[in-house]
Amino acid sequence: MAITIEKGSAVSFDQIKPLPSRRTVLAIGAAGLLAASLRPRGANSRGGTDLTTSTYGEGALPLGVRSRMIHGVNGLDMHILEAGHESPDRPLALLLHGFPDLAYGWRHLIPILADAGYHVVAPDQRGFGRTTGWVNDYDAPLAPFSFLNMVRDAIGLVSALGYRRTAMLVGHDLGSPVAAYCALARPDMFPSVVMMSAPFPGAPAFPFDTAGQGAPAVQPNTEHGKLAAALAALDPPREYYQQYLSTRRANDDMWHPPQGLHAFLRAFFYVKSADWPGNRPHPLKGRTAEELAQMPTYYVMDLGKTMSETVAPFEPSAAEILACKWLTERELGVYTQEYNRTGFQGALQAYRVLSDPDLNAELRLFSGKTIDVPSFFIGGKSDWGTYSAPGALDLMRTKAATRMSGVELIDGAGHWIQQEQPDRLGALLLAFAKEAVGADHAGDYRQGDRQPG
C-alpha cells in the first residue's frame with residue numbers, strides 16, 4: 001500500500017470542537033495542578049485507585065468520548081475511554097497505548113475513528129492509570145505482565161464488550177508488541193493489525209537444524225549483559241534506557257523527580273516529539289554499543305543519570321509550551337495527576353519482563369510462526385523508536401509479517417504520533433482498514449462480530 005499524507009493536509013471532523021484559549025487552558029491547568037498538590041494520593045498495593053474524585057475534569061475529554069470501567073477482564077477492572085458506543089452493531093476499533101502513556105493518549109484520534117463509523121475503545125493497559133487488579137510492587141511476580149497475559153487482557157476485553165473480533169487493532173510503543181502477539185496468537189479475533197513506533201521483529205525462535213552441531217556456543221540472554229558492558233565501556237559511559245527502566249530505583253526517580261512530576265513529564269513528552277529539533281533519526285547498522293550511542297540520551301542514557309536528570313536540560317520554554325497544541329498544560333495535567341496517584345512501577349514491569357529469560361521463553365511457542373493477517377507499520381519521521389532496535393524494521397517487513405501493506409513515516413510527528421498528528425494518522429488507519437477488510441465485507445463486521453444477545 002502506498003498512502004501519502006502531505007504535510008499540512010487535514011481531515012475535517014465536525015464533532016471536534018475548538019480548543020479554549022491558551023491563557024484559559026494554562027489558568028485551568030495550573031488550578032488543577034495546585035489542587036492536586038494539596039491532595040496527594042499514593043498508590044495502594046493493588047494498583048492504586050481512589051477514583052471517587054475524578055481526575056478527568058469537565059472538558060478534559062473530547063465531545064462524545066466517555067470514561068467507564070469494565071469489570072472482570074482477566075482478573076482486572078479495566079478502565080476504558082470509548083466513543084461510538086451509542087450506535088449498536090458498529091465494528092470495534094481497539095487501541096493499545098505504550099509507556100508512559102494512557103488510554104488518554106488516544107483522545108484526539110478516538111473521535112476521528114468514531115465519526116468514521118467505529119465503536120472505538122482505548123483501555124488503560126495492565127499497570128497503568130485507572131485499571132486495577134494488578135499488584136503495584138517491584139517485588140511482585142512479573143508473570144501477569146508478560147506479553148501473552150496482556151494478550152489475554154485484550155481478548156478478555158473484546159469478549160466483555162460483546163464482540164467476537166476487532167475490525168481494527170492498533171498498538172503503539174509497548175502496545176505494538178502486544179498487538180502483534182494478539183494477531184499472531186488469535187488471527188480469528190484480530191484479523192488485521194497496525195503497529196506503531198515499535199517494529200515487530202518476530203517471535204523468539206528455537207535454533208534450527210542444530211541436532212548434529214552439539215550444544216550452542218552462546219547461552220540465551222547473555223547478549224543483554226554483553227551489550228550493557230560494552231555501553232558502560234564507552235567514553236562517556238552509557239546505558240540503554242530499557243536497562244535503567246528495569247531497575248528498582250527507576251520508579252521513585254520518575255515519580256518524585258527534583259523538578260517535579262509535571263515538569264518531568266513535560267520534558268519527556270517534548271524531547272521525544274517532533275517539536276524538539278534534535279530528533280533526526282536514521283537506521284543503525286547493528287546492535288553495537290557504538291551504533292546505539294548515536295541515539296539521543298533519552299534512549300542511550302549517560303550511565304549513572306536518572307531519566308529525570310536526562311530530560312531536564314530539554315525542558316521546553318514557556319513560549320514552546322504555549323505553542324504546543326497537541327499536549328496543552330491542561331491535558332498534561334491529566335497525566336500528572338494519574339501518575340501522581342499510581343507511580344510508574346506497574347508501567348515499568350513490562351520492561352523487566354523483556355529482560356527475564358523465563359518469561360520470554362513462553363514466546364517461543366510461536367517460534368517460526370508469522371503474522372499472516374493484513375498488517376501495517378506507522379512511525380513518525382522524527383521518532384527514533386523506528387530504529388532503536390537495529391534490524392527490527394527489516395525483519396518485520398521481510399520475515400515476521402507475510403501480508404504487510406507497507407511502512408509509513410508521518411511528517412511532523414515524533415514518538416507521540418496519535419497526539420501530534422491525529423488527522424493524518426486517522427486517514428492512514430481508515431485507508432488501511434478499507435484495504436484490509438474490503439468495502440464489501442464491512443457488513444460482516446457490523447453484524448457478525450458481536451456475541452448473540
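Buried here means under 20% relative accessible area, exposed means over 50%, and partly exposed is anything in between (1.4 Å probe, protein chains only). This is a predicted model, where local features need pLDDT of at least 70, side-chain atom pairs count only at pLDDT 80 or more, and totals for chains, interfaces and linings use all residues. Residues are numbered from 1 along each chain as its sequence is written, and side-chain values use heavy atoms, with hydrogens and water left out.

**View 1. Helix α4 is largely enclosed by the rest of the structure.** The buried set is G175, S176, P177, V178, A179, A180, Y181, C182, A183 and L184. These residues pack against β3 (92–96), α3 (147–160), β5 (168–172) and β6 (193–196). Helices (H or I, at least four residues) and strands (E, at least two) are DSSP runs, numbered from the N terminus.

**View 2. V311 sits in helix α10 (residues 307–311).** V311 is buried, at 0% relative accessibility. Leaving out residues up to four places away in sequence, V311 touches F264, A267, F268, V271 and Y298; contact means heavy atoms within 4.5 Å. F268 is 43 residues from V311 along the chain, yet their C-alpha atoms are 6.0 Å apart.

**View 3. The largest cavity has a volume of about 70 Å³.** Its lining is made up of F99, P100, D173, Y241, L245, F268, K272, Y298, Y299, M307 and Y351. That splits into 9 nonpolar residues, no polar ones and 2 charged. For this tally, Ala, Val, Leu, Ile, Met, Phe, Trp, Tyr, Cys and Pro are nonpolar, Asp, Glu, Lys and Arg are charged, and the others, Gly among them, are polar. In all, the structure holds 4 cavities of 30 Å³ or more. On a 1 Å grid over the protein atoms alone, a cavity is a set of points where a 1.4 Å probe fits but cannot get out, and lining residues have an atom within 4 Å of a point. Grid points are joined across faces, edges and corners, and the volume is the space filled by probe spheres set on them.

**View 4. N360 belongs to helix α14 (residues 357–361).** N360 is buried, with a relative accessible area of 17%. A polar atom of the N360 side chain lies 3.3 Å from the backbone oxygen of V353. Beyond its neighbours within four places in sequence, N360 contacts P204, V353, L354 and S355.

View 5. A search of the whole structure turns up 0 disulfides, a disulfide being a pair of cysteine sulfur atoms within 2.5 Å.

How values were computed
On a 1 Å grid over the protein atoms alone, a cavity is a set of points where a 1.4 Å probe fits but cannot get out, and a pocket is an open set with protein on both sides within 12 Å along at least five of seven lines; lining residues have an atom within 4 Å of a point. A polar contact is a pair of N or O atoms within 3.5 Å; within protein, one must be able to donate a hydrogen and the other to accept it, and residues adjacent in sequence count only if both atoms are side-chain atoms.
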